[in-house]
Structures are given as C-alpha cells and as structure tokens.
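Biologist: I am new to this one. Can you show me the structure and then take my questions?

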Amino acid sequence: MEIWVAYSFPGQNDGERLEALFHQLPASITEPVNRYRNPADRKGRVISKLLLETLVRKHFPHQGFSWDRYRKDALSKPYLEGMALSFSTSHHDVLSMVCLTSGKSCGVDSEFLRPVDPQLYQDFLHPDEKEFIASRTDQATSFYNIWTRKEAVLKASGMGIHCDLNSIDAHRDIVPVENRSYVTTPLFLSADTVTHLATPEAVSTLHLEEIRF
C-alpha cells in the first residue's frame, strides 16, 4: 500500500507564521486546540493540523479538502467526512507528524527518548512484552519500540484507548488485534525519537517529507 507521512520539528518553525496560519482555520478546529494550556502540547497540535491540511491539499487536491468535513467517530477517531482517506497524527515536544493513505487505514505514534522505568507501565504491558523488555540490555528503547507500535496499531484499528493496552502484544513487527493483524514500520526521523507506522498490510511505497512553516 501507498502512504504519505509529513513531519515537522516544532523548534524549526516560525512561531509567528504558525499562529497566522492556525488562526485562518475555523473556530471548530482552533477552539479545542486552544484549550490546551501546555505551550508545547498546543504547538504540537497546531502543527499537526497544518500538516494534515498540507498533505491532503498537495496529494489529493481532487477530493476538495475542507475543515467542515472534520469529524470524530464514536471512539473519538478523527476522519474527513465524504473523503476516502485515513489519517493519524502524533506529537510531542520535539516532533509533530501525520500519516495519510487512501482506501485503507493507518496509524502513527512517536515518543521522545528519555529515561523511563518500564516497571511503571506494568499494568499496560502484555506478559510477552514484559518478558521481552526484561531480556534486553537497553530496556528503555525496547519499551519505547513496543509502546509506539502499540499506540500506532490502536490508532490504525480505530480502537484507540477503548481497548485494554495489556491485551495487545506489540513486541514484534506484526501485531494482532482481535481478528486482524497490523504491520508496523519504524521511521528513523531523529536520534532522540522512536516512531512507528501501523497499516493493515505492508507498505509498498512510502512518501516521507519534512515540512516547515
């Protein structure tokens, strides 16, 4: 399958230009974002929205992008009504990104590499994940690989947080969820981040681009 991924490092963007572009969006989009008081979290969401619009307009201009089509389903998964596109977003302090595909589903998740004690997440890990992490020398990186796979798969499946995280085993590249399996693909975007895509089949063509505003 073919998939498009756009990413941006918040610190490499022009803050005034970001705000100017963001304020051009309708209130239905800006107001929920403005409720976030953490500046880094808000900025990440701003960039994610701009990346989504940029990707759709650039690669699927015939579908007539409009923010009026932006919706969320019963499980809070966002979608564009009337458009045969699937997308997913992720952001943290140092990276914002969006994946986009047509006719299938996709999910993306990224985490900033920082010290972590996997023991704190025991209630959210599958028994096989716990065993795998315990066997590794670099347990923190192993944990982040598992976590980003798991989150990306849950986004691609549409289940999101409405699923017991410890029921999903994501220590391998192919992750089963209920009666389906998802292929996870690592993206190496910087030395201090761990990022994975999740798709219902192997990615045959990946379009990867950095965008700055």
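Modeller: A definition to begin with: a salt bridge is a side-chain nitrogen of Lys or Arg within 4 Å of a carboxyl oxygen of Asp or Glu. This is a predicted model, in which local features need pLDDT of at least 70, side-chain atom pairs count only at pLDDT 80 or more, and totals for chains, interfaces and linings use all residues. Residues are numbered from 1 along each chain as its sequence is written, and side-chain values use heavy atoms, with hydrogens and water left out.

Biologist: How many salt bridges does the whole structure hold?

Modeller: The search finds ten. One of them joins E53 and R57, with the closest N and O atoms 2.8 Å apart.

Biologist: Where do E53 and R57 lie?

Modeller: Both are in helix α3, four residues apart, which is about one turn of the helix. Helices (H or I, at least four residues) and strands (E, at least two) are DSSP runs, numbered from the N terminus.

Biologist: Is E53 buried or exposed? And what about R57?

Modeller: E53 counts as buried because its relative accessibility is 16%, while R57, at 45%, is partly exposed. Buried means under 20% relative accessible area, exposed over 50%, and partly exposed in between (1.4 Å probe, protein chains only).

Biologist: Which residue does E19 meet in a salt bridge?

Modeller: R42, at 2.8 Å from N to O. E19 belongs to helix α1 (residues 15-22) and R42 to helix α3 (residues 39-59), so this pair ties together parts that are 23 residues apart in sequence. E19 is partly exposed at 27% relative accessibility, and R42 is buried at 16%.

Biologist: And what does E210 pair with?

Modeller: E210 forms a salt bridge with R212, where the closest N and O atoms are 3.3 Å apart. E210 is partly exposed at 33%, whereas R212 is exposed at 54%.

Biologist: Change of topic: how many aromatic pairs are there?

Modeller: Ten. Rings of Phe, Tyr and Trp (its six-membered ring) pair if their centres lie within 6.5 Å; planes under 30 degrees apart count as stacked, over 60 as edge-to-face and the rest as tilted. F143 and Y144 are edge-to-face because their planes stand at 65 degrees, with the ring centres 5.5 Å apart. Both residues are buried.

Biologist: How is F143 arranged with W147?

Modeller: Those two are stacked, 5.5 Å centre to centre with 25 degrees between the planes. F143 and W147 are four residues apart in helix α5 (residues 139-157), so about one helical turn separates them. Both are buried.

Biologist: Which residues form the aromatic cluster?

Modeller: Y121, F124, F143, Y144 and W147 form one cluster.

Biologist: Now the sheet. In what order do the strands run?

Modeller: Four strands form an open sheet in the order β6-β9-β8-β7, with antiparallel pairing. Strands pair if DSSP finds at least two bridges between them. β6 (107-112) and β7 (174-177) are at the edges with a single partner strand each, so one side of each has no neighbour in the sheet.

Biologist: How many bridges link β7 and β8?

Modeller: Four, in the antiparallel sense, with β8 covering residues 180-187. I174 stands opposite V183 in β8.

Biologist: Which strands does α5 lie across?

Modeller: β6, β7, β8 and β9 (193-199), and α5 runs at about 150 degrees to β6. Contact means heavy atoms within 4.5 Å. Axes are lines fitted to C-alpha atoms, for helices over the stretch in contact, and angles run from 0 to 180 degrees between N-to-C directions.
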